[in-house]
Amino acid sequence: MESFNQKVLFFTLAVILIVHFSEHYHAEAKIDDFTTHLISRDSPLCPFYNPSETKYQRLQKAFRRSILRSNNFRAMRISPNDILSDVISGGGEYLMNVSIGTPPVPMLGIADTGSDLIWRQCLPCDDCYQQDEPIFDPQKSKTYKTLACDDKFCQDLGQLSSCSTDGNVCTYIYLYGDLSYTSGNLSSDTLTIGSNEGQAASFPRLAFGCGHSNGGNFDKKHGGIIGLGGGPLSIVKQLSSKIGGRFSYCLLPLSSASTASSKIIFGRSGAVSGSGTVSTPLIKGSLATLYHLRMEGMSVGSKRVEFKGFSKNKYSPASAEGNIIIDSGTTLTFLPQDFYNDVESALKSAIGGETTIDPRRIFDLCYSSLSNLQIPTVTAHFTGADVKLQPLNIFIQVQEDLVCFSMLPTQDLGIFGNLAQMNFLVGYDLKNNKVSFKPIDCSKH
């Protein structure tokens, strides 16, 4: 009888183990491939949305954020010992819903390809800015833990980390280009990201900043930042073994339905391929956070304009590092002054027609309307990739009777902004070090 009972017990345990590992295997299989929403900060779906503003007022704010962001990227390169992540501290253009902790505590965060650290405000708050969402209480999470000073992620912070005076806890401080800041304990907890397919994906032991002192120009309607940059602390790098170092996004044009949202795809489905796809190398820059590309020139119709860089600017990246970054958090595209002048001249000559002046003096090339004008195809030539831009990628209606070229000159850092990326499936492959572009109708993707 005892032998029979032992056999029954053994059989029961075997079944439990098989079921457990089977469920674990399937959970892992689903985790490595998921899609979620990117919410434009000017969409009615976003809490930043102000219904009393006109679409043109919202655009003007986006233009100002772009210029601030461009100016402050320069500070990232001048001050390499400081991490200046989302350079206008929440000025990125897209947001993601995630949760941290067990049980999960929701957080609406700025999704930023120009930033690494994932962080949120935490209790106790020594000095926190006001936020609408409940502030995360780490003591209520079953899976929360602080990271030790010898932890790899703590070491990745370099001079931005230190040891707490009351124990072996890694503390951090991040400074931003507009003098905003976050500081607290570098910690780990379970990150949960909602999926469009209805099943959330959870990732244990993800390193993030639990900010106990945060201030500056942060908006009360978001609780932190979700870094999508190329550095070791970004969500993309930390989940690399799960998602294969791949993610892509498809940004809707500004003319899309107000209730629609763009999408970001992680994992196998984040690979961009098929007819029309072109790829260019990701080039290692002086800052691992930023995604550097090499632009060789632009064509306006059949006229090619060769790239001219910042030869007199010691802070500009060397050609071996690439000469432009791709950034989803910047609305406009910024080109070196001399190169911009040549592109604008070629475009103005090809279009003809009478130009007009932007009363706010933001844009240099404007028209009262494009309806009776022929807009040439403008092609951005990256190494190995010719990206053909449509009118929606290069012109923006800034008011009822004013349409302007949506690229600006800069003396500092070239940026390929999100207007130029709209209606493209843009894929980042960090294992094979490339960025791919595929023209597509993002409203149907």
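Phe424 and Phe437 are both buried, where buried stands for under 20% relative accessible area, exposed for over 50% and partly exposed for what lies in between, with a 1.4 Å probe and protein chains only. The model is a predicted one, in which local features need pLDDT of at least 70 and side-chain atom pairs count only at pLDDT 80 or more, while totals for chains, interfaces and linings use all residues. Residues are numbered from 1 along each chain as its sequence is written, and side-chain values use heavy atoms, with hydrogens and water left out.

**Aromatic pairs**

The structure holds 16 aromatic pairs. Rings of Phe, Tyr and Trp (its six-membered ring) pair if their centres lie within 6.5 Å; planes under 30 degrees apart count as stacked, over 60 as edge-to-face and the rest as tilted. Tyr249 and Tyr428 are a tilted pair, because their ring centres are 5.6 Å apart and their planes stand at 45°. Tyr249 belongs to strand β11 (residues 246-250) and Tyr428 to strand β26 (residues 424-429), so this pair ties together parts 179 residues apart in sequence. Helices (H or I, at least four residues) and strands (E, at least two) are DSSP runs, numbered from the N terminus. Both Tyr249 and Tyr428 are buried.

Phe424 and Phe437 form an edge-to-face pair, with 6.3 Å from centre to centre and 90° between the planes. Phe424 is in strand β26 and Phe437 in strand β27 (residues 434-439), 13 residues apart. Ring pairs also join Phe247, Tyr249, Phe266, Tyr291 and Tyr428 into a cluster.

**Disulfides**

There are six disulfides in the structure, each a pair of cysteine sulfur atoms within 2.5 Å. With bonded cysteines counted along the chain, the pattern is 1-8, 2-3, 4-6, 5-7, 9-12, 10-11. Among them are these links:

| Disulfide | S to S distance |
|---|---|
| Cys122 and Cys210 | 2.0 Å |
| Cys154 and Cys170 | 2.1 Å |
| Cys366 and Cys404 | 2.0 Å |

The link of Cys122 and Cys210 is left-handed, with -110° about the S-S bond. Cys122 sits in the loop between β4 (119-121) and β5 (145-146) and Cys210 in strand β9 (residues 201-215), so the pair ties together parts 88 residues apart in sequence. Cys122 and Cys210 are both buried.

For Cys154 and Cys170 the torsion about the S-S bond is about 90°, so the disulfide is right-handed. Cys154 lies in helix α3 (residues 152-156) and Cys170 in strand β7 (residues 170-175), so this pair ties together parts 16 residues apart in sequence. Cys154 and Cys170 are buried.

The disulfide of Cys366 and Cys404 has a torsion of about 105° about the S-S bond and is therefore right-handed. Cys366 is in strand β19 (residues 366-367) and Cys404 in strand β23 (residues 402-405), 38 residues apart.

**Cavity**

A search of the whole structure finds one cavity of 30 Å³ or more. The largest cavity has a volume of about 40 Å³. On a 1 Å grid over the protein atoms alone, a cavity is a set of points where a 1.4 Å probe fits but cannot get out, and lining residues have an atom within 4 Å of a point. Leu38, Tyr94, Ala111, Thr113, Leu228, Tyr249, Ile264 and Ser328 line the largest cavity.

Conventions. On a 1 Å grid over the protein atoms alone, a cavity is a set of points where a 1.4 Å probe fits but cannot get out, and a pocket is an open set with protein on both sides within 12 Å along at least five of seven lines; lining residues have an atom within 4 Å of a point. Grid points are joined across faces, edges and corners, and a volume is the space filled by probe spheres set on the points.
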